[in-house]
Amino acid sequence: MNVKKLGTLFVAATLLFAITSCSNSGSKNKSAEVEKKEVNILYPNWAEGIAFTHLAKIALENNGFEVELTNLEPGLIYGELSKDDSKGDVCMDAWLPNTHKDYWADYGDKLVKLGESFSDGTTGLVVPSYVTINSIEELNANEDKFDGEIIGIGSGAGIHANTLEAIDKYDLNFEQITSSGPAMVASLEKAIKDEEWIVITGWKPHFKWAKNDLKYLEDPKGIYPEDACTIISRRGFVEDMPKAGTFFKSFNLEEDQLYDLMERISEVGEEAGAQQFYDANKAMLDGWFN
């Protein structure tokens, strides 16, 4: 075989190798791109967490992402996101630095704080404004009017542990009744309708403040802290999905915006309410990707 033919074969082989390599590379890159467009948001069954999460889902889907939502207890959320092979990516309702401080102590070194979905979170014992006491210290003197009960939520919530501490530190003759967020709200609204006295574990942000005339009981011992609704992720999330990471770092709602979102959700449902809010605030939400 002469040199000219060898040269021709060499060029042909080189071109074939280059085409094959480019084809395989493109296939791999395409697969990676698809994989990095799937976001799994973990969320607790709390009104504000449901609202944040469904709004993020709508915004992400309108910007080319596929989104899966997984509802879990808060302890399971922290545990899942901390795993090296986590099936979750983000949670938008971590109450930090105080209410969830125990979860953060257990898992925080394996998690990343991205931002704050709501920056002015508060917790405490809440009563209707027609209730004539103003402090936790006055509860025992009115035990009969409250049936000796504080209506709470799930035992995995930080406010549940804080309320047990309040019962101890204030030496309250009260029992915390464990229920769910929706059950707690139903009890509150029934009591208000009948103008009965009730005390619940409450927090802001929550749509109950927009719908009812409520007040916190003063907490002179400082049991109930202020927090931010913090957005946390698994390690490596931002590197895997930088555009989604930018969105979550920018995501932040004011109180009136959040209550608008919550009201829409309460009227037409989670998906439809979030879609309505997105449509009304599209420029703001899409701007959070840049």
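Helix α11 spans residues 270-280, and its buried residues are G273, A274, F277 and Y278. Viewed along the axis of α11, these buried residues fall within an arc of 135°, so they line one face of the helix. The face turned away from the buried side carries the exposed residues D279 and A280. The model is predicted. In it, the buried residues of α11 pack against α2 (47-61), α10 (255-268) and α12 (282-287).

Charged side chains were examined next. Side chains of opposite charge can pair when their charged atoms come close. The count comes to eleven salt bridges.

One of these lies in helix α2. The side chains of K57 and E61 meet there in a salt bridge, 2.8 Å from N to O. Both residues lie in α2, four residues apart, about one turn of the helix. An α-helix has 3.6 residues a turn, so residues three or four places apart point the same way. K57 counts as buried, at 12% relative accessibility. E61 counts as partly exposed, at 33%. A network of salt bridges links K57, E61 and E271.

Helix α12 holds another pair. D286 forms a salt bridge with K282, with the closest N and O atoms 2.7 Å apart. D286 and K282 are four residues apart in α12, so about one helical turn separates them. D286 is buried, with a relative accessible area of 17%, whereas K282 is partly exposed at 41%.

K83 and E80 also form a salt bridge, their closest N and O atoms being 3.1 Å apart. K83 is partly exposed, with a relative accessible area of 43%. E80 is buried, at 15%.

Key. Residues numbered from 1 in each chain as written. Predicted model: local features only at pLDDT ≥ 70, side-chain atom pairs only at ≥ 80, totals over all residues. Heavy atoms only, no water. Buried < 20%, exposed > 50% of the residue type's maximum accessible area, 1.4 Å probe, protein only. Helix = DSSP H or I, 4+ residues; strand = E, 2+ residues; numbered from the N terminus. Arc of directions from axis to C-beta. Contact = heavy atoms within 4.5 Å. Salt bridge = Lys/Arg side-chain N within 4 Å of Asp/Glu carboxyl O.
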